[in-house]
Amino acid sequence: MSGQAWLSQLKQHKVIAVVRAPEVSLTRQMALAVASGGIQLIEITWNSAGATELITQLRVELPNCTIGTGTLLNLQQMQEAIAAGAQFLFTPHVDPVMIQAAVDIGVPIIPGALSPTEIVTAWSCGASCVKVFPVEAVGGVSYIRSLRGPLGHIPLIPTGGVTLENAKEFLQAGAIAVGLSSQLFPKEFVDTQNWQAIAQKAASLMQKMS
């Protein structure tokens, strides 16, 4: 997927569901639930059980969704994720070697950064866009708004502090999209396998974002 195609998807869909669970069956059901609620960008974190197989499986099960992965810490993990079929790659940090490798193969990579220096470094290395993480720790929406002045040319995806209530505010502050995890998957819903309730949360969020 080209960088422009990825940015177009972000602008269109606006929300990335970040799915993490200790059991493959739970992770799969969580992904299917948010997909049925209308979320089409789904990140399976690399530290989820069976992430490799699940990415491959969901590419088949959810042909209308874009399935990627995150929490990639090194080049080997990234190469394994690409081999499994991951369509986009998130890292919690800025690693120029990983960024260049993803650019060379044509898979969108979104490094995690927090300070303006880290954000500019990631972008200069060739990142498709930059994950601002953990955004809650540095002011949330107001921090994204502050960054847009000097760094308005860099597409930003805040995570770690985005809620169902403030997600649209991040877009209004200048973010291209947002990432949500626990907000979409309340523990009680996962524990009771109430997938319909999770689907409804996803649908409600997508309605707010339109």
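Predicted model: local features only at pLDDT ≥ 70, side-chain atom pairs only at ≥ 80, totals over all residues.
Biologist: How many helices and strands does the protein chain have?

Modeller: The protein chain has 10 helices and 9 strands. Both are DSSP runs numbered from the N terminus: helices are H or I with at least four residues, strands are E with at least two.

Biologist: What makes the radius of gyration of the protein chain agree with that of a compact globule?

Modeller: The radius is taken over C-alpha atoms, and the globule rule is 2.2 Å times the number of residues to the power 0.38. For 210 residues a compact globule would have a value near 17 Å, and the protein chain has 16 Å, so the two agree. Along its principal axes the C-alpha trace spans about 45 × 35 × 25 Å.

Biologist: Why is F90 called buried?

Modeller: Buried means under 20% relative accessible area, exposed over 50%, and partly exposed in between, with a 1.4 Å probe and protein chains only. F90 has 2% relative accessibility, so F90 counts as buried. F90 is found in strand β4, residues 89-90.

Biologist: Which residues are in contact with F90, leaving aside its neighbours within four places in sequence?

Modeller: Among them are I16, E43, G70, I110, K131 and I157. Contact means heavy atoms within 4.5 Å. G70 is 20 residues from F90 along the chain, and their C-alpha atoms are separated by 4.2 Å.

Biologist: Why is I105 called exposed?

Modeller: The relative accessible area of I105 is 53%, so I105 is exposed. I105 lies in helix α5, residues 96-105. From I105 to G140 there are 35 residues in sequence and 33 Å in space, C-alpha to C-alpha.

Biologist: And why does R145 count as partly exposed?

Modeller: R145 has 48% relative accessibility, and therefore counts as partly exposed. R145 is placed in helix α7. R145 and I99 are 46 residues apart in sequence and 26 Å apart in space, C-alpha to C-alpha.

Biologist: Where is T159 found, and why does T159 count as buried?

Modeller: T159 is found in the loop between β8 (156-158) and α8 (167-172). T159 is at 10% relative accessibility, so T159 counts as buried. Apart from neighbours within four places in sequence, T159 is in contact with residues including F133, P134 and G179.

Biologist: What joins F133 and P134?

Modeller: A cis peptide bond joins F133 and P134, with omega about -10 degrees. P134 is placed in the loop between β7 (130-132) and α7 (141-151). Most residues other than glycine have a negative phi, and most peptide bonds are trans.

Biologist: Which phi value does K14 have, and why does K14 count as partly exposed?

Modeller: K14 has a positive phi of about 70 degrees although K14 is not a glycine. K14 is at 22% relative accessibility, so K14 counts as partly exposed. K14 is found in the loop between α1 (3-13) and β1 (15-19).

Biologist: What is the phi of T71, and why is T71 called partly exposed?

Modeller: T71 is not a glycine, and its phi is positive, about 60 degrees. The relative accessible area of T71 is 21%, so T71 is partly exposed. T71 is found in the loop between β3 (66-70) and α4 (75-84).

Biologist: What makes a set of residues a nonpolar core?

Modeller: A nonpolar core is a set of buried Ala, Val, Leu, Ile, Met, Phe, Trp, Tyr and Cys residues joined through side-chain atoms within 4.5 Å. The largest nonpolar core has 66 residues, and V34, I42, I44, L89, I119, I144 and L184 touch the most other members. Helix α2 (residues 24-36) gives the most to this core, with 7 residues. A second, separate core of 12 residues includes W6, I16, C129 and A177.

Biologist: What does I144 touch, not counting residues up to four places away in sequence?

Modeller: I144 touches V132, V135, L156, P158, F170, A173, G174 and A175.

Note on methods: Residues numbered from 1 in each chain as written. Heavy atoms only, no water.
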